[in-house]
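Subject: Structure for you to look at

Hello,

Here is the structure I said I would pass on. Please open it alongside this message.

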Amino acid sequence: MSIMRTTQSTVGVRVFRNLQSSLGKLLNEQERLSSGKQINRPSDSPSGMVTALRLRSGVERNEQFLRNISDGFGWLGLADTTLQSASASMERARTLLLQGMNASSGPTERAAIAAELGVIRDGLMELANTRYLDRAIFAGNTGGAAYDAAGNFIGDNGAVERNVAPGVRVTVNLSGEQVFGAGATGIYQFFNDAIDNLENDPTALSGDLANFDIASDRILSGLAEVGARYRRLEVLKDRTDVTQINIKQNLSDVEDIDIARTILDVQLRENSYQAALSATARVIQPSLVDFLS
Amino acid sequence: MSSFGGLNIALSALLTQQRALEITGHNVSNAQTEGYSRQRVEQAALSGPSVPALHMKYTGAGTGVKVSDILRARNAFLEARSYAEDGAYGQLNTIRTALSRIELVFGEPSDRGIQNQLSEFWSAWDDVANSPADAAARSQLVQRAVTLSDTLKKASGDIANLREDAIAEVRTKIDEVNGAVANIAKLNEAIQNATVAGLEHNDLIDQRDLLVSKLSGLVNVTARAGENGMLDVYTDGGPLVRGVRGETLTLDASEPRIAIRWSKDGYPSNQSAGVIGGLMTTINDTYPRYLNGLDNVANAIRDRVNEIHGLTSPGTMPLAVQDLSGVGALSFTYSVNGAAPTTVNLAGADWSGVGGAVALQTALTNAINNPAITVSVTGGNGEPMRIKVSGTDPTASVTLGADGANPAYGLMFGNRSLTSTISAVDQDQSAAASLEFRVRLNSGAWSTVSVTPDDWSGAGGAAALQTALNAALPAGVTAVVSGGNGSPMHIAYQADNPADTLEVGEIGTHPNQDPGYALFLSGVPLGEDRIGGRAFFTGSGATDLTVTAEIAADPSRIAATAPGRGPTDGGAALLLAQLGEDPRGPDSVYRSYIVELGAETQTINRRVEIQGASLAAVNQAREAEAGVNLDEEMVNMVVHQQAYHAAARFMTTIDEALEQLILRTGLVGR
């Protein structure tokens, strides 16, 4: 191949092109360094972009899962405390009932015991209507109270669920019917029967004791379920926390620059740009004109 | 040869070298002139007379030198290539600019991008699910939905504006083309005159070539030499310049797809290269494609949200829930002829794609495993799926029921459910004997609603049915009918007062009351407003995606609750929040859109780079051919200068010789 004829203008154009490209590369690296991001627009890396977008939505989703989980902790924690109190009240009620069944108890003592059972019953009904953020936690999805003043269950058995992980939901409520019962087998009726029997028919009290045990068992099994779900949420929370850290790490890997490397790259580009400048300064100066006298 | 012939030889040399020096000076002066081609003096020796004449004393020596021609160093082949490369570069670079501008519209990835707003929108549904009665959570949801729709609207508006800008630019560029064409035609005329008169016109040709070269950056250009040194210039669809006549182009923006036409006859000139070709590509393809893509994103958001929020009808399985692979078992009960219900359990699977309906039908048949029951599944793969579970014996009565957490099932028309769908085939009711059902408000007395059967299948059928229903419905209850004319028709009954509870029940024997039509869901009930099915978003694309006015005005109308559940249930909201996790959800539609944009921009960036390199190569080759090298000119200058000196010396010598002859000869003996 013959050598192409070269003119001053060719040299100028070519030098300018090379300087431009060198400066452009320097600018790209500097943009990366100053924004701290490897991907500043979709075309920088389309595949990195889709990963970044997916991870970003993952971060947001997990934040929401964590919020949902802590809301679930609120519900289940309150249910746990409430059921603990209810269980303690049932212990006390059972002791009182045993005292009433004791042959040494006279009508006066039994009346006093009946009165105290009445107080415990009202306390239990208050517990059954416990509210979290203005919602009765044992009333299902009705929005009102779980039990009315006459001890009737007026809630429903609807589940209150929380999204806690992709495709995973946890029920954070217990139905009042399940833990306190309703109607003839409701805790309110058990207490009324016991009070009635204390006052009128002490011989029937052994049946009430059995009923109290049923009520107690229901509360305890409710407690166990709440505990299990609480534990499940704790596990999910730990897992989500770890996932969140991993996702953020991945996002950082995809989006963020390696600062040391980028600084080095900028330095290298800068050097090569300067080298190009100084070489250019030498090449474009002389022509034969300078040497003709 | 005459005695003074030598002087003439010297004179011709002096004149020729002077001319050559002038040309060198011209070259040096124009070393940096755009479009200038270096010129070269062609010299030729003047020979003696070729025909002998009387008294001729030809000695055999030549008679000097002359300038035979002044040549332009120009390679026509390289010119043509440079036009093509220039045109291709102009087109690609224009498209690249357009795509980079679209990229800037989205500003992804960032905390302000649409992806982030989508994520926040889904999160807001979870917040509503956490406290469905909380007005603040509902308002926040509406706010986020409005922000999302506004951002889509703005992005769409920005791209539309970019397109308008491009149209304005193409107008200016066409003016430039028309101006250049007129000038080329004028130069052609001047060149023709100069050629005929035998005058020097190299610089006129340079000017013309420069104009053609500029033109080649704007439109697709081919040039052909014409008569008398003129140049004909062609573009897509005909000649721009032919001899001294130039044609003009105009922009026709009267239709959505804009066109460039010839002013003379209105025929289109589809520009395939140059800046104008690139602009036309962006106006008619790139921008509309990305506007359309954005509409698809908006429609995906609208459809998926509405599907769950309100317009979903019992009897069909919405697209959103056809993939149940992630949610565990389906569960429902059936009983034949009033026997004890049997529970059917079916593992969740993805029935959303091609063949999904068949797969679901097989799976259901196997799960039921009872020859007395026939299952048919239609639709799917982009259409809502319809499931029918009925007795094999037509006289058998089959009752379907819910089991445990799966209470969602419904019937097709006018009974039990607040929303119903009439299939496309059943929309012609004109042959039916009666169409009756009953409604009641707040558990009061039932009112019978009787509608005269009619054909509601064609255009306007939905409106006619809505009118007929509303005329028959008691005060306080409204029917909303949508769809029809080829698609399943959707009927929603709603109580006018949100606080009222509405029940719809069946009487009569309409075939659509066949209780065999049932809907299966995976324990996640359909979103249904306490009032009745209502769309969350309205609009037909990114430009007008809007939160439904009723919901925007009163966030308590957001349907967070699943049908049959208490007022503080968040079943529908939970389902909506999960749309953000859906691998085929609106998020993924948006992500594919952005990735397509990124990939296309990246590709065009590379193509521009490659095209830029080949353009530079051609330009360099052209410059190598036509450019002025100062060293070369200096050498020429010195050579011509020396030749001039020598010629002058030759003249002096002849002069001295003649002097000797004239002044000093014949003086012998004086």
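Below are some notes on a helix and on a few backbone features.

This is a predicted model, in which local features need pLDDT of at least 70 and side-chain atom pairs count only at pLDDT 80 or more, while totals for chains, interfaces and linings use all residues. Residues are numbered from 1 along each chain as its sequence is written, and chains are lettered from A and ligands numbered from 1 in the order in which they are written.

Helices (H or I, at least four residues) and strands (E, at least two) are DSSP runs, numbered from the N terminus. A residue is buried if 20 or more other C-beta atoms, placed from the backbone, lie within 10 Å of its own, exposed if 12 or fewer, and partly exposed in between.

In helix 7 of chain B, the buried residues are B:G356, B:A357, B:L360, B:Q361 and B:L364. These lie on the same side of the helix because they cover an arc of only 135° around the axis (the arc is that of the directions from the helix axis to the C-beta atoms). B:T362 and B:N366, on the other side, are exposed.

Just after helix 7 of chain B comes B:N369, with a positive phi of about 50°.

Finally, the peptide bond from B:E108 to B:P109 is cis, with omega near -5°.

Regards
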